[in-house]
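Here is a short report on how the pieces of this model pack together. Keep the structure open while you read.

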Amino acid sequence: MKSKTFKKGISVPHNKYAGASALKDCPAPQTVYIPLAQHIGKPATATVAAGDVVKAGTLIGRADGLVSANIFSSVSGTVKAVARLKTPTGACDHVVIENDGQYTEQRLPALKDKSGESLLTRMREAGLVGMGGAGFPSHVKFSPKTAVDTFIINAAECEPYITCDYRLMKERAAEFIRGADYLARILGLDKFFVGIEDNKADLVDVLNAAAQNASVRAEAIMLKSKYPQGAEKQLIYAVTGRKVPLGKLPADVGVVVGNVHTAYALYDAAENGTPLFRRTVTVSGGAIGAPSNLWVRTGTRYSDCAEFCGGVSDDCVKLLSGGPMMGFALGDLEYSVTKTTGALLALTAAEANTLQPQPCINCGKCARACPMNLMPMYIDAYTRRGDYASAKKYGATSCIECGCCAYSCPAKRPIVQSVRLCKNKIRELKL
Amino acid sequence: MKTVSASPHLTRKGNSTRSIMTDVLIALSPCVVAATVMYGYHVVINLVTCLIFCFCTELLYNLIVSKKWNREGVLRSSVFDLSFAVTAVILTLNLPAVMPVDIWGLTVFKGTGEIAFSFDTVILCALGSIFAIALVKMLFGGIGRNFANPACTGRIFLFIAFGGAGAFNLTSSLWADGMSTTAATWLGTRNVVTGGMLLDMFLGNTATAAVGETCVIAILVGYVYLSARRVIDPRVPLMVIGSLAVFAFLFDVVPSGARGANMFYSTVAHVLSGGLLFGSVFMATDYATSPNTFIGTAIYAVGIGLITALIRAFGSFPEGFSFALLIMNIVTPLIDKYIVPKPFGYIKPAKVKPDKQVAAWQSGVTDGKGGDK
């Protein structure tokens with residue numbers, strides 16, 4: 001079978017060191033710090049105060065408005081404080097909980113009625129969000145305003161190093177397939193696609209067998225291992241041949257794309273009544289002692305995860321939350337694992353880019369790599385000159401920030417940084 | 001505290017400005033060797049002169065601008081990207097082996113009447129280097145910002161400024177045979193072409209104006225290397241050469257009255273002569289001075305082929321490649337301005353049908369309702 005794909009893009013070294021490592025539980029630390037903003041939209045409102053006793057699965061933050069999500073305690077114990085602490089992208093209120101080590105659970109009642117409507121309600125109750133990184137509240141995404149005829153599970157996992165979705169699908173294939181079927185049901189569909197990069201071809205048989213067992217109509221689509229295969233627009237094009245128009249949503253072309261872990265989380269919430277308070281995280285990179293895939297309770301500090309995997313060695317130059325192409329660089333490890341944390345990476349100088357930018361030589365490699373068919377060199381140049389209107393003309397607002405341009409750049413120009421600056425300036429100046 | 005910077009945090013290994021320039025230098029080396037074999041030690045003298053002057057000009061310019069006359073200023077200068085060396089080598093290969101300026105009389109002759117050492121040539125090489133680096137490249141902002149190919153412009157400067165003084169009239173090929181003992185290349189004479197002549201042209205057995213242009217095999221090796229290393233788009237030289245062949249056939253071969261196989265031979269001679277092959281591989285593919293889109297590059301390449309053919313057919317110079325390249329270099333920003341790729345998912349904005357009332361208002365006829373809308 002020929003693997004499907006999109007136009008342009010780049011090939012990156014996969015470095016999936018943790019691919020063979022089975023998921024294992026990462027012990028929760030003595031104190032967990034659970035952020036109330038683990039999603040896009042408004043942060044949840046704290047429903048607990050210092051001194052309250054909570055169980056694993058107790059609601060500690062209520063969704064504030066439509067685009068928001070519930071937050072649950074991940075351990076049992078006592079709330080010590082609600083404090084404003086730093087996050088990789090800023091700061092937000094954290095619920096600090098003293099772990100009593102008992103892990104007594106509080107669950108939602110198991111869902112009897114598996115109709116789309118009640119599943120959607122359960123999705124909102126359980127605090128589900130897109131767990132691929134953006135964290136868009138799922139109940140908003142799964143109630144599209146336009147008719148949807150295709151549902152795709154994004155199992156491309158095109159970012160180097162990350163393997164947690166792969167392990168989850170491999171080890172919990174039956175649960176994943178059922179969860180994905182529930183997601184499809186919410187959309188009123190009885191069939192869905194699973195887009196898988198061909199470097200994980202062994203999953204195809206596993207998933208097909210699981211789908212057959214559960215009598216679910218799922219089709220695994222083999223995709224070429226190329227970055228950014230998992231970018232929403234590129235994935236939709238590869239699977240369906242449809243192009244999402246600029247400034248529109250996938251639902252406008254009748255497609256919704258869902259995340260692997262979100263599907264699993266919905267299964268867990270519907271069958272077991274477990275709200276979303278733990279997820280799989282890949283801890284990897286050349287500076288990590290034993291790269292592994294972990295089940296981590298939200299609010300666990302990155303430093304605890306790293307410690308559990310053998311610690312970070314001294315030759316580490318960069319710490320990342322998320323994948324190396326789109327993740328955030330961290331100054332230290334004093335951050336919490338959230339619903340959207342897919343990976344914690346510690347890269348050595350041999351892996352990470354540590355070079356200083358040089359002048360653009362106009363080679364055009366960025367334009368040849370850009371999966372959105374933009375002209376990144378001009379966006380960078382005009383942004384640096386402060387001419388944001390011209391930068392917009394060359395596609396600054398259409399950029400998906402995948403980083404293909406900066407990866408390919410021989411002069412090591414920080415093109416994505418320019419694009420982000422430009423987007424902010426365009427918003428600020430209302431260009 | 002670790003480094004915090006914007007994503008992506010990876011970069012392609014072994015991919016830097018310097019590695020690209022090193023690749024170009026490697027690709028140029030067969031041409032340097034071929035030129036040295038054919039034209040002797042003069043080529044080496046010219047090359048060393050150009051390298052020294054290009055290096056010094058760029059370094060000096062950097063130091064003057066940064067005002068850091070110390071170790072740090074040197075370390076932070078742009079000379080380490082090796083682009084000066086590419087300019088120097090291409091300039092050398094674009095010049096004749098010796099360029100004696102008659103009125104200076106600085107040429108030292110051997111007893112046999114051959115030129116032993118030409119101090120004029122050294123001066124001209126130095127001038128060309130300074131012109132190329134300082135004026136064309138650094139003054140416009142350094143690497144990536146030059147409006148035209150520095151080496152090409154340096155050559156044209158020397159050609160125009162000193163061509164009348166005899167500098168470009170004399171070449172001496174060690175392999176020169178009956179066909180080309182004088183200075184004239186095929187483009188100068190336009191003799192009837194034979195198969196043997198074509199083979200000579202292919203191997204480099206001709207006297208030409210520029211030392212790097214002769215050996216087609218050396219150029220081909222460079223072309224294959226650059227294409228394999230993905231430094232250049234292999235389609236660009238092919239488009240330049242292809243369009244020249246078509247236009248030369250139309251403008252020169254057909255009017256010359258050649259018939260039958262001669263038409264083919266003459267067209268091939270056009271392709272193999274002059275600076276076309278060397279220039280299309282090493283100069284037309286220059287990053288800064290060629291368009292950034294494939295369609296733009298195609299227009300640029302066809303433009304070079306067309307203008308070269310026009311100059312060859314109707315111009316007062318036998319060869320026109322460097323002029324054609326320079327003209328298209330200058331047109332490049334214009335091409336890049338108008339040829340902008342459509343982003344993935346772009347939809348043409350639908351034409352808004354003019355509102356009837358607005359149309360009526362615009363035409364001056366109002367129905368009493370739509371006046372101020």
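## Packing within and between the chains

H2(B) crosses H4(B) in a right-handed sense. This is a predicted model. H2 spans residues 41-66 of chain B and H4 spans residues 83-93 of chain B. Their axes lie 8 Å apart, at an angle of about 145°. On the H2(B) side, the contact uses B:Val43, B:Asn46, B:Leu47, B:Cys50, B:Leu51, B:Cys54, B:Phe55 and B:Glu58. H4(B) answers with B:Phe84, B:Ala85, B:Thr87, B:Ala88, B:Val89, B:Leu91 and B:Thr92. By class, the residues of this contact are eleven nonpolar, three polar and one charged.

From H10(B), the residues in contact include B:Val236, B:Met239, B:Val240, B:Leu244 and B:Phe247. From H13(B), they include B:Ala298, B:Ala301, B:Val302, B:Gly305 and B:Leu306. The contact of H10(B) with H13(B) has 15 nonpolar, four polar and two charged residues.

The table sets the two pairs side by side.

| Helix pair | Residues | Angle | Axis distance |
|---|---|---|---|
| H2(B) and H4(B) | 41-66 and 83-93 | about 145° | 8 Å apart |

Now chain B as a whole. Chain B has 15 helices and two strands. Of its 373 residues, 44% count as buried. Take the contacts in chain B between residues at least 6 apart in sequence: 74% of them join residues at least 24 apart.

Next, the two chains together. How many residues of chain A are in contact with chain B? The count is 53 residues of chain A, against 32 residues of chain B. Strands E15 (316-321) and E16 (328-330) of chain A each supply at least two residues to the chain A side, as do helices H12 (404-408) and H13 (415-429) of chain A. E15(A) gives the largest share, five residues. The chain A side has 34 nonpolar, 13 polar and six charged residues.

Chain A is divided into domain 1 (116-272) and domain 2 (365-429). Their centres, taken over C-alpha atoms, are separated by 29 Å. Six residues of domain 1 of chain A are in contact with five residues of domain 2 of chain A. The domain 1 side of that contact has four nonpolar residues, one polar and one charged.

The largest nonpolar core has 150 residues. A:Ile152, A:Leu207, A:Leu266, A:Cys305 and A:Ile379 have the most contacts inside this core. Domain 1 and domain 2 of chain A each give this core at least three residues. Leaving aside residues up to four places away in sequence, A:Leu266 touches A:Leu119, A:Met123, A:Leu128, A:Gly179, A:Tyr182 and A:Leu183. Another core, of 81 residues, lies apart from it; B:Leu95, B:Cys152, B:Val236 and B:Phe247 are among its members. B:Val236 and B:Phe247 also take part in the contact of H10(B) with H13(B).

Last, a covered helix in chain A. In H6(A), residues 232-240, eight of the nine residues are buried. The buried residues include A:Glu232 and A:Lys233, along with A:Leu235 and A:Ile236. What covers them includes strands E9 (150-155), E10 (191-197), E11 (217-223) and E12 (255-259) of chain A. Just after H6(A), A:Gly241 takes a positive phi of about 80°.

How values were computed. Residues numbered from 1 in each chain as written. Chains lettered and ligands numbered in written order. Predicted model: local features only at pLDDT ≥ 70, side-chain atom pairs only at ≥ 80, totals over all residues. Axes fitted to C-alpha atoms, helices over the stretch in contact; angles between N-to-C directions. Helix = DSSP H or I, 4+ residues; strand = E, 2+ residues; numbered from the N terminus. Left-handed = near helix turned anticlockwise from the far one by under 90°. Contact = placed C-beta atoms within 7 Å. Nonpolar A, V, L, I, M, F, W, Y, C, P; charged D, E, K, R; others polar. Domains from an automatic or database assignment. Buried ≥ 20, exposed ≤ 12 C-beta atoms within 10 Å, placed from the backbone. Core = buried A, V, L, I, M, F, W, Y, C linked by C-beta atoms within 7 Å.
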